[in-house]
Amino acid sequence: MSVTSGFFNSFNHDRRYNAEQMSAIFDGIINDGVFANIGTAFAVQADEGDNISVGIGRAWFNSTWLLNDAILILTDDVSEILLDRYDAVVIEIDHSDSVRAGTIKIVKGSASSSPQFPTLLHTTDVNQYPLAYIFRKAGSMEITQADITNMVGTSSCPYITGILEVVNVDNIVAQWEAQWKQWYSNITTNGSEDFTSWMGENAAMFATWFAGLQMILSGDEAANLLLLIQAHGICDTDTGTAEKAVTSIGFSLVEGATIRIKFSADEEPIGNEEELEDSNGNAILDADGHTIIGVLDFGKIAENPTLNVSGTGAYPLLHRGSPVPGLSLCNGRIYSVLFDGYAYEIVGDIGMTGGYQRDVPIVLPADGVYQILLEDSSESECCGLYIYHTATGKLTAIHEASGVSIIGEGLTLKVTSSRKPSLHYARI
């Protein structure tokens, strides 16, 4: 038809109008698009798994209106195994005689190593308008919000803001994209300059580290690594000897070298455990006139000890810059020791556990009362009185000396002292 008009009253059904003519009254008043102020303007959200939701909204396209008055759940096809793709959520207006309806649906795209948005229909009967595009990553099990690109408000699917007014945000998006690219360029440029500066400052340190690694891994790699792992040893030099010696396979005396050392000196006390006599056969008495039965001397403490590892030379043994007394090293404990080019420094706590401690068996010849005197190198004295019965082999304390305790019911004493002591015991 060339000229149409309407609407006029009908007589005997002589004035009939179809949907196209009814909708034509809005042509020139409302432009195609989505109403910005109704519902959420068909906002597309990720739901569970392969599902998405389309929000409430109203649209006008191709002289027809479409209303979604509740949340609409749509299920997308599963992702491809190897390739990515884009799918489109669209409003479809279909004027074909067999359909004559508007719907919201998902249009599946083509899988590709460089996927593109699917091509939408724009024919005489069918037109499709994108609400959003969904990126389906190969192998993905669900759709996330980050996979959804909103298209409402763009030139492909503009907002209707009023009579004869539509808004698309293509220019705004383009501006934001340009600003983002500028920001990203600045960040990457500055980051590159900062990284270059950092590399310049740390290149020498890295080269030194890498050279050391090459030396370790050169030749017989397994042997070199084994030598590195085996930098440990046992020192059984007694506490009275200043030069501590230890043998370690694989140790090299270089600045920064570290060795783990177990100190395990196990000295026997030196002395007598029988009634002492002078050259004339007379009993030797102590200062109080008591017959001395035994004297056990645990030796002296070495001052200013040194450490010699595998014959590489004796260097001072320090802790926090000061000489380590031999007594301070706990028997059986493993220490980490660092060579700084001038001395060996014990790393971390030295771990003193209250000084010297030993279990000492003694010999008493007969029944009687005995005085036991504990004397350390600081010249302090601790004296106690004990009764011994040979029949039972039991030693009983009348007054126990500080630093001396009886173990069980036998003749073994536990001796504890801040320094290496001497133990005197005499019959009263």
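**Salt bridges around R85**

Mentor: R85 and D76 form a salt bridge in which the closest N and O atoms are 4.0 Å apart; the term stands for a side-chain nitrogen of Lys or Arg within 4 Å of a carboxyl oxygen of Asp or Glu. This is a predicted model, in which local features need pLDDT of at least 70 and side-chain atom pairs count only at pLDDT 80 or more, while totals for chains, interfaces and linings use all residues. Residues are numbered from 1 along each chain as its sequence is written, and side-chain values use heavy atoms, with hydrogens and water left out.

R85 also forms a salt bridge with D87, and here the closest N and O atoms are 2.8 Å apart. R85 is buried, at a relative accessible area of 0%; buried means under 20% relative accessible area, exposed over 50%, and partly exposed in between (1.4 Å probe, protein chains only). D87 is buried too, with a relative accessible area of 0%, and D76 is buried at 4%. Side chains of opposite charge can pair when their charged atoms come close.

The structure as a whole holds 9 salt bridges.

Another of the pairs is K105 with E92, whose side chains meet in a salt bridge at 3.3 Å, N to O. This pair links distant parts of the chain, 13 residues apart: K105 lies in strand β8 (residues 101-107) and E92 in strand β7 (residues 85-94). Strands (E, at least two residues) and helices (H or I, at least four) are DSSP runs, numbered from the N terminus. K105 is partly exposed, with a relative accessible area of 31%, whereas E92 counts as buried at 9%.

Now the setting. The protein has 3 helices and 29 strands. Of its 428 residues, 32% count as buried. Among contacts (heavy atoms within 4.5 Å) with a separation of 6 or more, 58% are between residues 24 or more positions apart. The accessible surface comes to about 25,400 Å², and carbon and sulfur atoms own 54% of that surface; the areas come from the Shrake-Rupley method with a 1.4 Å probe, and for residues only the protein chains shown count as cover.

A search of the whole structure finds 0 disulfides, a disulfide being a pair of cysteine sulfur atoms within 2.5 Å. C157 is buried at 0% relative accessibility, and C235 is buried at 1%.
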